[in-house]
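Look at the sequence and the fold below. Then follow this walk through them, from single residues to the whole chain.

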Amino acid sequence: MVSRSLQLKILSAVIVFGAWEIAGRIPVSYAFPTFIDSFAALLRMAFDGTLLVAYAETLKPLVVGILISSVFGIGLGLWIGLSAKFDWLFSPIFIVMQAAPLAALIPILVMAYGIGLTSKVFVVCIMAMPVIVLNTAGAVRNTPTSIKEMGRAYLGSDLDIILKIILPSASPVIFSGLRLGISAGFIGAILAELKITPTGVGDIITYSRSIADYPAMYAAIFSIILLAVLFLNLLERIEVYLFEGNVRGYASD
């Protein structure tokens with residue numbers, strides 16, 4: 001039997017793609033193709049290897065940036081959440097990073113690090129890390145004091161309290177921050193390719209727009225959204241596997 005969650009996801013996809021097809025057939029704009037045309041372009045680029053070559057370039061800064069943001073973001077967030085002094089010192093930095101207009105920072109990164117991989121990794125990190133750090137810090141900071149005091153009453157060490165009480169309690173919010181941060185990282189990777197050097201999927205988008213091949217342009221955009229959705233679903237399954245007791249389902253399930 002199909003689960004309620006999967007039914008809602010399928011229904012959501014049908015509504016979105018149906019609306020896309022209708023909007024393309026009206027049409028709302030000469031530059032807005034139908035879903036069928038865009039999907040056909042996606043299949044064509046997948047079978048002729050265009051997407052494979054593009055993602056070989058796009059995934060380099062994306063994977064490196066997400067790994068750096070996840071490891072250092074959770075570590076810094078844990079540190080900030082456990083210490084009021086570090087919270088006061090570092091939280092404003094990441095709040096400013098989250099609020100700063102990224103497009104205005106890209107020329108500064110290019111001047112400092114050139115147009116290569118380093119600049120693109122920095123763009124991904126600037127987009128992804130603040131969300132991960134702030135969510136992790138908030139989750140750790142809001143761990144119930146009574147639970148931590150109970151751990152100390154049973155002679156638990158500071159490390160025991162962090163590993164066995166704080167992290168399991170904060171895990172749902174930490175993983176929510178990871179999902180949001182990774183989504184922002186995908187946006188940062190494409191933005192870097194559009195603003196720094198047109199490579200990978202960003203090159204397909206730029207070139208297709210220049211020759212008015214709008215189905216290919218929308219197919220490239222749709223492919224990065226699809227990859228992000230698949231990756232986030234994988235992360236959600238990992239969360240369920242690691243912290244099954246903390247998963248909250250629908251009230252009607």
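Start with a term: a residue is buried when its relative accessible area is under 20%, exposed when that value is over 50%, and partly exposed in between, using a 1.4 Å probe and protein chains only. Keep in mind that this is a predicted model, in which local features need pLDDT of at least 70, side-chain atom pairs count only at pLDDT 80 or more, and totals for chains, interfaces and linings use all residues. Residues are numbered from 1 along each chain as its sequence is written, and side-chain values use heavy atoms, with hydrogens and water left out.

Now apply the term. Is Ser91 buried or exposed? Ser91 has 9% relative accessibility, so it counts as buried. Ser91 sits in helix H4, which covers residues 84–99. A helix here is a DSSP run of H or I with at least four residues, a strand is a run of E with at least two, and both are numbered from the N terminus.

What surrounds Ser91? Its side chain makes a polar contact of 2.5 Å with the side chain of Asp87. A polar contact is a pair of N or O atoms within 3.5 Å; within protein, one must be able to donate a hydrogen and the other to accept it, and residues adjacent in sequence count only if both atoms are side-chain atoms. Leaving out residues up to four places away in sequence, Ser91 touches Ile80, Phe86, Leu134 and Arg141. Touching, or contact, means heavy atoms within 4.5 Å. Ala228 is 137 residues from Ser91 along the chain, and their C-alpha atoms are separated by 27 Å.

Compare two other serines. Ser171 lies in helix H8. Its relative accessibility is 2%, so Ser171 counts as buried. Ser3 belongs to the segment before H1. Ser3 counts as partly exposed because its relative accessibility is 40%. From Ser3 to Ile26 is 23 residues along the chain and 35 Å between C-alpha atoms.

Ile26 leads to the next feature. The peptide bond from Ile26 to Pro27 is cis, with omega near -15°. Pro27 is in the loop between H1 and H2. Another loop, between H9 and H10, holds Ala212. Ala212 is not a glycine, yet it has a positive phi of about 60°. With 44% relative accessibility, Ala212 counts as partly exposed.

Next, see how two helices meet. Two packed helices are described by the angle between their axes and the distance between the axes. The axes of H1 (residues 4–25) and H2 (residues 35–47) come within 7 Å and cross at roughly 105°. That makes H1 roughly perpendicular to H2. The axes are lines fitted to C-alpha atoms, for helices over the stretch in contact, and angles run from 0 to 180 degrees between N-to-C directions. Under 35 degrees is roughly parallel, over 145 roughly antiparallel, 65 to 115 roughly perpendicular, and the rest oblique. At this contact, Phe17, Trp20, Glu21 and Arg25 of H1 meet Phe35, Ile36 and Ser38 of H2.

Move on to the inside. A nonpolar core is a set of buried Ala, Val, Leu, Ile, Met, Phe, Trp, Tyr and Cys residues joined through side-chain atoms within 4.5 Å. The largest nonpolar core has 32 residues, and among them Phe186 and Val201 touch the most other members. H2, H3 (50–82), H6 (117–141), H8 (158–195), H9 (200–210) and H10 (214–242) each give two or more residues to this core. Which helix gives the largest share? H10 does, with ten residues. Val201 touches Ala54, Tyr55, Thr58, Ile190, Glu193 and Ala220, again not counting residues up to four places away in sequence. A second, separate core has nine residues, including Ile161, Ile162, Ile165 and Ile166.

Finally, step back. The protein chain has ten helices and zero strands. Its C-alpha atoms fill a box of roughly 70 × 55 × 30 Å, taken along the principal axes. Of its 253 residues, 38% are buried. Among contacts with a separation of 6 or more, 74% join residues 24 or more positions apart.
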